Amino acid sequence: MSVSPPRDGTLRGTVGLCEYTGAVTLHHVKLPDGHDCLVLHDGRDMKAGIQIGLRADVSKVHFFNDNGQTIKQTDQSHTA
């Protein structure tokens, strides 16, 4: 997931916990439906409580079935 302004995101969420690891920051984002999403971001400019937009590059998204096995994609030319 890449971060965008809220109005430009395919998804929107609220930043919760921010964990700076040195190279990247892990942002725990709460989506409107109550699900959580973990976003890696290369900056420290986001703070807990702000609204952000999220965009998915489908070629970099990994999908798993109910058994935890990878679901292979056949067409990776689209972005969400």
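Trainee: What does Cys18 count as, at 30% relative accessibility?
Mentor: Cys18 counts as partly exposed, because its relative accessibility is 30%. Buried means under 20% relative accessible area, exposed means over 50%, and partly exposed lies in between, with a 1.4 Å probe and protein chains only. This is a predicted model, where local features need pLDDT of at least 70 and side-chain atom pairs count only at pLDDT 80 or more, while totals for chains, interfaces and linings use all residues. Residues are numbered from 1 along each chain as its sequence is written, and side-chain values use heavy atoms, with hydrogens and water left out.

Trainee: And Cys37, buried or exposed?
Mentor: Cys37 is buried, because its relative accessible area is 17%.

Trainee: New topic. How many helices and strands does the protein have?
Mentor: Zero helices and seven strands. Both are DSSP runs numbered from the N terminus, helices being H or I with at least four residues and strands E with at least two. Reading from the N terminus, the order is β-β-β-β-β-β-β.

Trainee: Which way do S2 and S3 run?
Mentor: S2 and S3 (residues 25–30) run antiparallel, joined by five bridges. Two strands pair if DSSP finds at least two bridges between them. Across these strands, Tyr20 stands opposite Thr25 in S3.

Trainee: What sits between those two in the hairpin?
Mentor: Four residues separate the strands of that hairpin, and Gly22 there takes a positive phi near 115°.

Trainee: In what sense does S2 pair with S5?
Mentor: Also antiparallel, over four bridges. Thr14 has Gln51 as its bridge partner in S5, and Arg12 has Gly53. S5 (residues 51–55) pairs with S1 (residues 2–4) too, again in the antiparallel sense, over three bridges. There, Ser4 has Gly53 as its partner.

Trainee: Tell me about Arg12. Where is it found?
Mentor: Arg12 is in strand S2, which covers residues 11–20. Arg12 counts as partly exposed because its relative accessibility is 40%.

Trainee: Which residues does Arg12 touch?
Mentor: Leaving out residues up to four places away in sequence, Arg12 touches Pro6, Arg7, Leu31, Pro32, Ile52 and Gly53. A contact means heavy atoms within 4.5 Å. As for Leu54, it sits 42 residues from Arg12 along the chain, yet their C-alpha atoms are separated by 5.9 Å.

Trainee: What does the side chain of Arg12 reach at 2.9 Å?
Mentor: The backbone oxygen of Pro6.

Trainee: Back to confidence. What is the mean pLDDT?
Mentor: The mean is 83, and 88% of the residues reach 70 or more. pLDDT is the predictor's confidence in each residue, from 0 to 100. Over residues 76–80 the pLDDT is below 50, and this stretch has 10 contacts in the model beyond near neighbours in sequence.

Trainee: In which strand is confidence highest?
Mentor: In S2, at a mean of 92, whereas confidence is lowest in S6 (residues 63–64), at 81.

Trainee: Last one. What share of the residues is buried?
Mentor: Of the 80 residues, 24% are buried. The protein exposes about 5,800 Å², with carbon and sulfur atoms supplying 53% of it. These accessible areas come from the Shrake-Rupley method with a 1.4 Å probe, and for residues only the protein chains shown count as cover.

Key: A polar contact is a pair of N or O atoms within 3.5 Å; within protein, one must be able to donate a hydrogen and the other to accept it, and residues adjacent in sequence count only if both atoms are side-chain atoms.
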